[in-house]
Amino acid sequence: MCQQDVELGWAMKTYDHAEIYFNLLCSVDPRLLKLTPMDDTVYQKFRGEFREMKIDVVDEDQMKSKEGKEKWRPFCEEFKGIVEDYNFGTLMRIDSSQEYSEKNSTLVPRIQFLAIEIARNREGCNNGLQKKYRNKKQEITEDATAMS
């Protein structure tokens, strides 16, 4: 298997994960979602370490700056061996009120995605997605049906 095949497989897995997660957000109350068996611990440690971090619209430059990486690294490593695939590359939405897109996505370690998304779910940042995007998907389905 060549490097290009491995990268393509990884990209497809990452995209599939993002699509499944977003569909979940649009289908159920985000406050009821449990992303890991350790959601409470992840949330408490995240908000303990990143108390002031704005999560509705993440500052990607600040998060990925040298200082940001130095602050995130020990947090992420705390979950090594505890959260499965804790450092696996995962797509995260920058603006929580929007869907995944090339402009609104960034690649982060899985534990960083989990920490921010658990906080978004608990703090209400993802609440409007269900209404906003379920209606949009219904319109697309109705348009497709009308065209056939």
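Keep in mind that the model is predicted.

I'll start with the helix pair. Helix α4 covers residues 66-77 and helix α5 covers residues 110-122. Their axes are 9 Å apart, and the packing angle is about 95°. That angle falls within 65 to 115 degrees, so α4 and α5 count as roughly perpendicular to each other. On the α4 side, the residues in contact are W72, F75 and C76. On the α5 side they are I111, Q112, A115 and I116. Sorted by class, this contact has six nonpolar residues, one polar residue and no charged ones.

Next, the core. The largest nonpolar core has 32 residues. Those touching the most other members are F46, M53, M63, W72, F75, I111 and I116. Helix α5 provides the largest share, seven residues.

Take I116 as an example. Leaving aside residues up to four places away in sequence, I116 touches F46, M53, I55, V58, M63, W72 and M92.

Last, the arginine. R93 sits in strand β1, residues 89-93. What does its side chain meet in the way of polar atoms? One of its polar atoms lies 2.6 Å from the backbone oxygen of S96. The side chain of R93 also makes a polar contact of 2.9 Å with the side chain of N126. With residues up to four places away in sequence not counted, R93 touches, among others, Y21, F22, E99, E117 and R120.

Technical notes: Residues are numbered from 1 along each chain as its sequence is written. This is a predicted model: local features need pLDDT of at least 70, side-chain atom pairs count only at pLDDT 80 or more; totals for chains, interfaces and linings use all residues. Side-chain values use heavy atoms; hydrogens and water are left out. Axes are lines fitted to C-alpha atoms, for helices over the stretch in contact, and angles run from 0 to 180 degrees between N-to-C directions. Helices (H or I, at least four residues) and strands (E, at least two) are DSSP runs, numbered from the N terminus. Angles under 35 degrees count as roughly parallel, over 145 as roughly antiparallel, 65 to 115 as roughly perpendicular and the rest as oblique. Contact means heavy atoms within 4.5 Å. Ala, Val, Leu, Ile, Met, Phe, Trp, Tyr, Cys and Pro count as nonpolar, Asp, Glu, Lys and Arg as charged, and the others, Gly among them, as polar. A nonpolar core is a set of buried Ala, Val, Leu, Ile, Met, Phe, Trp, Tyr and Cys residues joined through side-chain atoms within 4.5 Å. Buried means under 20% relative accessible area, exposed over 50%, partly exposed in between (1.4 Å probe, protein chains only). A polar contact is a pair of N or O atoms within 3.5 Å; within protein, one must be able to donate a hydrogen and the other to accept it, and residues adjacent in sequence count only if both atoms are side-chain atoms.
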